[in-house]
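Biologist: I'd like to learn how to read a fold like this, one feature at a time. Could you walk me through it?

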Amino acid sequence: MSHCCFFELLPTELLHILFNYFFGHEILISFYGLNDYINSILRSYSAYKLNFKSISRFNFDLICRNIRSEQVISLTLCDSNDTSGLTELFFSYFQIEQFIRLRSLTLIEIEFKSLKFIFYNLSKLNQLRSFSFDACTIRHTYGPMNFNFENKLQHINSTLIHTYAQILPQLKFLYLNSGWVLEWIPLPNLRYLKLTRCSIDKLETITHLAPQLKSLDHLELHLRGYTDLADGQRWQTLTNSLITFNFKFNIHICFDFIEQVLDSFRTLFWLEEKQWFIAYENDYLFSIPYFAPEQVNSSYQSVMYSTVPDNTIFYNNINEFTVIKGKIGKRYFTNINVLKLKYSIPLKYLLHMIDLNQVKHLSILSLEDLLKFIPISKNLPCLCELSVKNDITKHAIKRMLNYSLEQIQKLKIRISNKYNEYIIEELFHFFPCTKYLIYKSRISSTYIMIRLINGFEHLLNASFILCGPFSNQEETFRYNPDLIVSRIKRLTHGTSFCRIYHLSNNGSEFIINWWIEEQVSLM
């Protein structure tokens, strides 16, 4: 029996239940076009969850052309490096007020100019119950801008005051980077509150705000403040009715008082009734396992100060391992996804430290460091991402001439200025299946960028660092990146999106991001 016939036997209600476990693009990729019956069910389904974080251009267009706004209950918009310009393209298809059934909205690294399309009409979303937005991650495209962070944040907050006053009282979930709204907007229905980079630095302030959060069940705080935040007894009073309480406080505790502070979190309330455990390390007091360290180096032993009964919990949480010179710990790590080598080490020693079968991302100093892992398919079977810290040289290229690493899909590299044309041409043979490129060398001309995009035939995303001005004839590219599309053979107008962003930490540098449509045909 064919798959199409099998699905025709399933009732609509059962398929709708099945769809609830997938994001919108996953549903369309899996089921769209099977037959007319399935297509009609897809058109009637009214609980799509759209997550555009790291989405391919093909899947983005598939969603926008086949799903109506009134079918969507959850929406995540993102202008990060691998989806630069997404919100502008999204608002060429939809307007935010059209999502009349939307219950959850998450905004990630949104372009400044797109915010007006969102916030001016956000109050019209009467069904909205969950809102997540970090104003500190707003992106600015190339052009005049105010580099004063405080002024930028103040401008954003003043724009949001009216909108917040209307939508926040109806929310059940709220994630913001600032706690100022809590002081004057009632939140009678709020059950989950997450605050990051919050201005609250005193426990008294939180105590003052607590009475209006009577419905709150789940609280997550990222605060930088004073030692009064490290008071387990006072937090017990404030969080007694909560189901979960996770926090990460950036505070300095004198060495002689660390255990005394932890004792206030060792009461029956913390350890038995709630089973909330904490630890202190590197000037951070944090919840375990929620904020347990995920990145460690080869000298790691364990967190020294904690209230957990068994330190195994720390090791199970670690997924990134950095090999450094010096003393090496005796623990064996089984869940490492990211391996970073800060110096060259024989493979036999690595095999005694971690399970290489789980490594997906390898970071090395030199391209030649890959040789120890040959054959890659045997020693690093899950590897799909490679970062090379130092410049790739002609000498390194010659040592790798006999190899082709088809499993590498994401590549982060720097290239020596000497013989760079030769090196670039050989990289196309070494990494023929690259889909995501991060080029860390500073470029002074569009030529290298064009050659790399043309040469990596499967490229979906590319990022380049620009330092200083282009030549006079190329300078117009900054203001209209689309002008360069005609010089890239594998691109046509409308199939790619290019954005130039200011780098927040350096006013003279910019990052150029390309979001390219994959050439795919639906069967």
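Modeller: Here is a short tour, from the whole chain down to single residues.

Modeller: Before we start, this is a predicted model, where local features need pLDDT of at least 70, side-chain atom pairs count only at pLDDT 80 or more, and totals for chains, interfaces and linings use all residues. Residues are numbered from 1 along each chain as its sequence is written, and side-chain values use heavy atoms, with hydrogens and water left out.

Biologist: Fine. How many helices and strands does the protein chain have?

Modeller: Helices (H or I, at least four residues) and strands (E, at least two) are DSSP runs, numbered from the N terminus. Here the protein chain has 19 helices and 21 strands.

Biologist: And what share of the 523 residues is buried?

Modeller: Buried means under 20% relative accessible area, exposed means over 50%, and partly exposed is in between, with a 1.4 Å probe and protein chains only. In this chain, buried residues make up 51% of the 523 residues. Helix 5 (residues 57-66) is mostly covered, with eight of its 10 residues buried. Among them are Phe 58, Phe 60, Leu 62 and Ile 63, and Arg 57, Asn 59 and Asp 61 are buried as well.

Biologist: What about contacts along the chain?

Modeller: Contact means heavy atoms within 4.5 Å. Take contacts in the protein chain between residues at least 6 apart in sequence: 66% of them join residues at least 24 apart.

Biologist: Now helix packing. At what angle do helix 5 and helix 6 pack?

Modeller: Axes are lines fitted to C-alpha atoms, for helices over the stretch in contact, and angles run from 0 to 180 degrees between N-to-C directions. Helix 5 and helix 6 (residues 86-93) pack at about 20 degrees, their axes 10 Å apart. Angles under 35 degrees count as roughly parallel, over 145 as roughly antiparallel, 65 to 115 as roughly perpendicular and the rest as oblique. Helix 5 and helix 6 are therefore roughly parallel to each other.

Biologist: Is that crossing left-handed or right-handed?

Modeller: A crossing is left-handed if the near helix is turned anticlockwise from the far one by less than a right angle, and right-handed if clockwise. Helix 5 passes helix 6 in a right-handed crossing. Helix 5 brings Arg 57, Phe 60, Asp 61, Cys 64 and Arg 65 to the contact, and helix 6 brings Leu 86, Leu 89, Phe 90 and Tyr 93.

Biologist: How do those residues divide by type?

Modeller: Ala, Val, Leu, Ile, Met, Phe, Trp, Tyr, Cys and Pro count as nonpolar, Asp, Glu, Lys and Arg as charged, and the others, Gly among them, as polar. The contact of helix 5 with helix 6 has six nonpolar, no polar and three charged residues.

Biologist: Which way does helix 3 run against helix 4?

Modeller: The axes of helix 3 (residues 24-31) and helix 4 (residues 36-44) come within 11 Å and cross at roughly 165 degrees. That makes helix 3 roughly antiparallel to helix 4. Helix 3 passes helix 4 in a left-handed crossing. Ile 27, Leu 28 and Phe 31 of helix 3 meet Ile 38, Asn 39 and Leu 42 of helix 4. By type, the contact of helix 3 with helix 4 has five nonpolar, one polar and no charged residues.

Biologist: And how should I read aromatic pairs?

Modeller: A pair of aromatic rings is described by the distance of the centres and the angle of the planes. Rings of Phe, Tyr and Trp (its six-membered ring) pair if their centres lie within 6.5 Å; planes under 30 degrees apart count as stacked, over 60 as edge-to-face and the rest as tilted. The structure holds 36 aromatic pairs. Phe 247 and Phe 249 are stacked, at 4.5 Å centre to centre with 20 degrees between the planes, and both Phe 247 and Phe 249 are buried.

Biologist: Why does the pair of Tyr 439 and Phe 464 count as tilted?

Modeller: The ring centres of Tyr 439 and Phe 464 are 5.9 Å apart and the planes are at 50 degrees, so the pair is tilted. The pair links distant parts of the chain, with Tyr 439 in strand 18 (residues 436-443) and Phe 464 in strand 19 (residues 461-467), 25 residues apart.

Biologist: Last one: where is Thr 322?

Modeller: Thr 322 lies in strand 13 (residues 320-323) and counts as buried at 12% relative accessibility. Leaving aside neighbours within four places in sequence, Thr 322 is in contact with Val 296, Asn 297, Ser 298, Lys 340 and Lys 342.
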